[in-house]
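Colleague: I would like to go through the terms used for this model, one at a time. Please set each value against its cut-off.

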Amino acid sequence: MGTKKDNTKKKIIDSTLKLLDEFDNPEDITIRKIAETAEIGVGLINYHFGSRDKLINEAISQKLNLLAGNMAEPLTGITDPILYLKQMLIVMSDLAVKNSKLSKISVEYELLNGDFKVCLTLLPILRRIFDNKKTESEIRLIAFQIIVTTQTIYIRHKAFYLYSGINAEQKKERDAMLISLVDSIIKNSM
């Protein structure tokens, strides 16, 4: 059983997720509304999370992590690390599109605040691909290139379409773009 602190944090996150489902614009969700929904004082939110934006991002990250829990299933049995990376990105992008409202908020927060945790998810597979031919810094830079590129395309898909003619909202075009991106980055990094 969790501590009182853990239970309070969970209650705050659950209340935030409830409000995110109710409001179209996350900017309309205030600390006061979250506190009222959670039936706690505003001070507890600031104590546990420091800011409204951090709280909203934490709530979204937890929900997306739960949804991503099933992400590994379609990747079972893929032994080629480059193919695995491509399929992993496709599954991640499908998850982001399926949960576009939450994903957009999370991606914008990560890009604006320098929170690159999602880059870490690529490190194990990139280490396999480059098999000691790259330093850890080089591998991290490659992960950064892949994730930040895909995140930017995702949140600016209309501008990307005007620029490239690729409609990232269409699965077939998005998948082909991801495969091309991986091929290009891997080829140029070998």
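Colleague: Is the crossing of H9 and H11 left-handed or right-handed?

Modeller: The crossing of H9 and H11 is right-handed. A crossing is right-handed if the near helix is turned clockwise from the far one by less than a right angle, and left-handed if anticlockwise. Before we go on: this is a predicted model, in which local features need pLDDT of at least 70 and side-chain atom pairs count only at pLDDT 80 or more, while totals for chains, interfaces and linings use all residues. Residues are numbered from 1 along each chain as its sequence is written, and side-chain values use heavy atoms, without hydrogens and water.

Colleague: What makes H9 and H11 roughly antiparallel?

Modeller: H9 and helix H11 (residues 171–189) pack at about 155°, with axes 11 Å apart. Axes are lines fitted to C-alpha atoms, for helices over the stretch in contact, and angles run from 0 to 180 degrees between N-to-C directions. Angles over 145 degrees count as roughly antiparallel, under 35 as roughly parallel, 65 to 115 as roughly perpendicular and the rest as oblique. H9 and H11 are therefore roughly antiparallel.

Colleague: Which residues of H9 and H11 meet?

Modeller: Ile142, Gln145, Ile146, Thr149, Thr150 and Ile153 of H9 meet Met177, Leu178, Leu181, Ile185 and Ser189 of H11; contact means heavy atoms within 4.5 Å. Ala, Val, Leu, Ile, Met, Phe, Trp, Tyr, Cys and Pro count as nonpolar, Asp, Glu, Lys and Arg as charged, and the others, Gly among them, as polar.

Colleague: Why is H5 called roughly parallel to H9?

Modeller: The axes of H5 (residues 81–98) and H9 (residues 136–155) come within 12 Å and cross at roughly 30°, so H5 counts as roughly parallel to H9. Leu85, Leu89, Met92, Ala96 and Val97 of H5 touch Ile146, Ile147 and Tyr154 of H9. That contact has eight nonpolar, no polar and no charged residues.

Colleague: What makes H1 and H3 roughly perpendicular?

Modeller: H1 (residues 4–22) and H3 (residues 42–49) pack at about 105°, with axes 11 Å apart, and are therefore roughly perpendicular.

Colleague: How do you know that the charged end of lysine 9 sits over the ring of phenylalanine 49?

Modeller: The charged end of lysine 9 is 5.5 Å from the ring centre. The rule asks for NZ of Lys or CZ of Arg within 6 Å of the centre and within 35 degrees of the ring normal.

Colleague: How many helices and strands does the chain have?

Modeller: Eleven helices and zero strands, taken as DSSP runs numbered from the N terminus (helices: H or I, at least four residues; strands: E, at least two).
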